[in-house]
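Q: Could we go through this one together, a few residues at a time?

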Amino acid sequence: MAAKKVLIVHAHQSSGSFNAAAKNAAVEVLTAQGCTVEVSDLYAMGFKATATAEDIKGEVKNADNFCYLEESKLAWEQGKLSDDITKEQSKLTEADLIIFQFPMYWFSVPAILKGWIDRVLTNGFAFSQDKRYSQGVFQDKKAMLSFTTGSLESMFSPTGINGDMNVTLWPLQNGILHYCGFQVLAPQIFWAPSAAAVEDRKSMLESWRTRLQGLLEEKPLSFVPLDCFDEAAFQLKPAVHEKHASEEFGLTVGIHLNKPLPPHSQMKAGC
């Protein structure tokens, strides 16, 4: 079997951070397995976070009413996207697995990583009306989130003040990764390492190292396939709805059918 290629998109400004240690562990373990690992260290690269007309070489189609979604698609088709974007797109095209390593900011990703998502996952390259979700562009690739929190795990529970982490993860894992077709692996969550004892932080990293040994063979999280929805309003087909009418839980966090959310569905495969 050919060696796998891994891209780690790293979004932390400090080389001495826990996130950097988690990134370094992934590089070390995956490289030892024969993988080719490339890191996009966004802060070190000075990666531009804002999606603007500057991302397009030459004239834009409509300068008076600039629409990034349309203009970036046209630029991608014409080979006019800026060099920093096309370089990242080339890395992504070659990769079998993408790991996003970051500290959770405001229940989401840091601005610099959101900028990578906005600018690199352009219309046409990463998705289209015909290629999204289970029929998406990157359905042969795997992707996952690996991140630190500032809050304790108990705070991100169904009874915790921050709410269920499965709900927090839905926009990122369904709305970005699954939308682009990726097979989404369960996230690696490092709960509040800044508040943990040294030995506990070491234990977190060792658990990550252990998981990395079999990461490429893991099964992805479950999402509802695109063909379960009608083509007009993208509503769940009646037959699918009826099939699950007697089930205790909804299908997913977002498509819950007004039922209790399926527990751990955004955090564990097979749920």
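A: Helices (H or I, at least four residues) and strands (E, at least two) are taken here as DSSP runs, numbered from the N terminus. This is a predicted model, in which local features need pLDDT of at least 70 and side-chain atom pairs count only at pLDDT 80 or more, while totals for chains, interfaces and linings use all residues. Residues are numbered from 1 along each chain as its sequence is written, and side-chain values use heavy atoms, with hydrogens and water left out.

Q: OK, where does Q188 lie?
A: Q188 belongs to strand β6, which covers residues 188-190.

Q: And is Q188 buried or exposed?
A: Q188 is buried, because its relative accessible area is 11%, and buried means under 20%, exposed over 50% and partly exposed in between (1.4 Å probe, protein chains only).

Q: What does the side chain of Q188 make a polar contact with?
A: The partner is the side chain of R211, at 3.0 Å; a polar contact is a pair of N or O atoms within 3.5 Å, where within protein one must be able to donate a hydrogen and the other to accept it, and residues adjacent in sequence count only if both atoms are side-chain atoms. Leaving aside residues up to four places away in sequence, Q188 touches M144, L145, S146, F147, W208 and R211, with contact meaning heavy atoms within 4.5 Å.

Q: Switching to L97, which strand is that in?
A: L97 is in strand β3, and L97 counts as buried because its relative accessible area is 1%. Apart from residues up to four places away in sequence, L97 touches K5, V6, L7, K142, A143, L185, L215 and L216.

Q: What about phi of W106?
A: Phi of W106 is near 50 degrees, a positive value in a residue other than glycine. Most residues other than glycine have a negative phi.

Q: And H264, what is its phi?
A: Phi of H264 is near 65 degrees, also positive in a residue other than glycine; H264 lies in the segment after α8 (238-243) and counts as partly exposed, at 38% relative accessibility.
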